[in-house]
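User: I'm new to reading protein models and would like to go through one with you. Could you show me how to start?

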Amino acid sequence: MRRSLAIVLGFAAVSMVAGACSGTSGSNNNGGNGGAGNAAAAGGTAGTGGGINTDSGTGGGGGFGAACAADIHDGELVPVDMFVMLDRSGSMDDAGKWSAVSGAFTNFVQLPNLAKLGMGLAFFPTKPAQPPPSQPCVDDTECGAYGPCIPFPFPPPIGCGGNNCCSSQAAPDDSCVAPDYAKPVVPIADLPGVGSQITAAIGKESPGGASTPMSPALEGAIDYAQGWAQQHTDHVTVVVLATDGEPNNCNPNRIETVAARAEEGLAQNPSIKTFVIGVGSELTTLNLIAQKGGTDKAIIVTTGNAAQEFLDALDTIRGSLTCQYQVPVPKTGEPDPNKVNVGYTPAGGQQEVFPQVNGASACVGQKGWYYNTDKTQIILCPASCDLVENQGGGAVEVALGCQTVVK
C-alpha cells in the first residue's frame with residue numbers, strides 16, 4: 001500500500017494554479033502557498049524541471065512561477081467513484097471471509113475525510129429477472145448464456161437426471177446475463193452519506209449463491225459504471241471486483257472471458273478501470289483480469305487477517321487514484337491543451353516542472369503527466385505521483401497560457 005488513507009485524503013487540499021501568461025506578465029497575484037511564486041520571491045531558484053517559455057520567447061528561469069503564475073486558481077482533485085461488485089457465492093461463508101469483508105466495508109465507510117469519494121454496490125450471483133431454460137437441451141444454442149448443454153447423471157434441484165440439460169440448472173437462482181448485474185443494490189453516491197446504505201445492504205445479504213458467474217457480473221458492473229461516468233464526466237469511475245474464487249457456471253465464463261470484459265471496459269470512452277480484490281489463496285489467475293482492466297495485478301487478501309487486509313485493499317485503490325487533476329478553467333475562454341504546464345513544489349523546496357508525455361505507456365518510470373481521452377483531466381505518471389505522495393505537504397500547480405513542456 002502506498003500510504004494510509006488519512007494521508008491520501010489529507011492531500012486532497014493540494015492547490016492547483018492556473019496562470020494567464022503573456023510576454024510581459026511575471027507577477028504572482030495571489031501568492032502561491034509555498035509554490036513557485038514564493039520560491040522566486042524568497043530569492044531561490046524556482047524549479048529544477050527547466051523553464052517555461054512564454055509566447056514572446058522569454059524564458060521562465062526554471063519553474064513557471066515568475067513567467068506564468070499571474071492568475072492563480074484553487075484547483076481540485078478529480079472526484080473518484082467506486083462501483084463494487086461483491087461475490088456472495090457459498091464459498092464466501094468459509095473461513096469467516098464474509099464477516100471479515102462485511103466488517104471491512106463498515107469500517108471503510110466510517111473513516112473520516114472521505115470527501116471526493118463515491119461508492120455503489122451490487123452482489124453476484126443475483127437472481128435472474130427471467131427464468132433460465134428448464135427443459136432438456138440438445139446443444140449449447142438452446143442454453144445461451146445458461147449453458148453449456150451437458151449430461152446430468154443426477155437430478156439437480158429442479159430435476160434433470162439422465163438428460164442433457166443446461167449446466168445452470170444446477171444453480172437456477174443464479175443469473176448468467178449481464179443486464180441483471182447492471183442494476184445496483186446501492187447506486188453510486190457520495191461518501192460518507194451513502195455509507196449507511198452500503199453497510200445495511202451487506203448486512204441484509206448472505207453468501208448463499210450456488211455458483212460464481214463472474215463474467216456477466218463484471219460486464220454488468222462495467223455497463224452501469226460507464227453509464228454513470230457518461231453523466232459525470234468530471235469524475236473518475238472505476239469498478240472493484242471482489243471475489244474468493246474463479247468463475248464457474250454460465251457460458252462463456254472463464255478467467256479469459258472475464259479478462260476480456262475488463263479489457264473492453266478499459267477501451268471504452270469513458271474508460272472504466274477494473275480493480276480486483278481476491279479473498280483467499282491460490283488466486284493468482286485473477287491477475288489477468290486486473291492486468292486487462294488497466295490495474296496491473298489483483299490485490300490478494302489472506303483469510304488470516306482478511307478484515308484489515310480488505311480494508312487496506314480499498315485504501316490502496318483509493319490511493320492509486322489520487323493523482324488525477326481537473327484542468328483549470330481560465331477566466332476567459334477555454335484552456336488551450338497545448339499551453340498547459342504542471343509543476344510540483346515540495347514544502348520548503350523548489351518547484352519542478354513535469355513534462356507532458358504521450359500517454360500512460362510513455363511514462364516508463366520517468367516523471368511526467370498526460371491527458372485523459374478528452375483532455376479534461378491531468379494524470380500524473382507513477383514516478384510523479386510517488387514523488388507527490390511521498391513528499392506530502394507540497395503543492396501541485398497547473399499553469400495555463402504557456403507552451404507545454406514536453407518530453
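Analyst: Let's begin with strand pairing: two strands pair if DSSP finds at least two bridges between them. Helices (H or I, at least four residues) and strands (E, at least two) are themselves DSSP runs, numbered from the N terminus. Here, β1 and β6 pair in the parallel sense over seven bridges. Before we go on, note that this is a predicted model, where local features need pLDDT of at least 70, side-chain atom pairs count only at pLDDT 80 or more, and totals for chains, interfaces and linings use all residues. Residues are numbered from 1 along each chain as its sequence is written, and side-chain values use heavy atoms, with hydrogens and water left out.

User: Which strand does β1 join through eight bridges?

Analyst: That's β2, and the two run parallel. Take Asp81 as an example: its bridge partner in β2 is Gly118, while in β6 its partner is Thr237.

User: What kind of unit do β1, helix α4 and β2 make?

Analyst: A crossover is right-handed if, with the strands pointing away from the viewer, the path from the first strand over the helix to the second runs clockwise. In this model β1, helix α4 (residues 97–109) and β2 make a right-handed β-α-β unit.

User: How many residues of strand β1 are buried?

Analyst: Buried means under 20% relative accessible area, exposed over 50%, and partly exposed in between (1.4 Å probe, protein chains only). For β1 (residues 80–87) the count is eight of the eight, so the strand is largely enclosed by the rest of the structure. In a regular strand the side chains alternate between the two faces of the sheet. Both faces of β1 are covered: buried on one side are Val80, Met82, Val84 and Leu86, and on the other Asp81, Phe83, Met85 and Asp87.

User: How many residues does the largest nonpolar core have?

Analyst: A nonpolar core is a set of buried Ala, Val, Leu, Ile, Met, Phe, Trp, Tyr and Cys residues joined through side-chain atoms within 4.5 Å. The largest one has 39 residues, and Leu86, Phe105 and Met119 are among those with the most contacts inside it. The largest share of this core, seven residues, comes from α4. Apart from it lies another core, of 28 residues, including Phe83 and Tyr181.

User: Which residues is Phe105 in contact with, leaving aside its neighbours within four places in sequence?

Analyst: Contact means heavy atoms within 4.5 Å. Phe105 touches Val84, Leu86, Met119, Ile198, Thr199, Ile202, Phe310 and Leu314 in that sense.

User: What handedness do the links of Cys176 and Cys250 and of Cys323 and Cys385 have?

Analyst: Look at the angle about the S-S bond. For Cys176 and Cys250 the value is -75 degrees, and the link is left-handed. For Cys323 and Cys385 the value is 80 degrees, and the link is right-handed. Cys323 lies in the loop between α9 (306–319) and β9 (324–326) and Cys385 in helix α10 (residues 382–391), so that pair ties together parts 62 residues apart in sequence.

Definitions and conventions: Disulfide = S-S within 2.5 Å.
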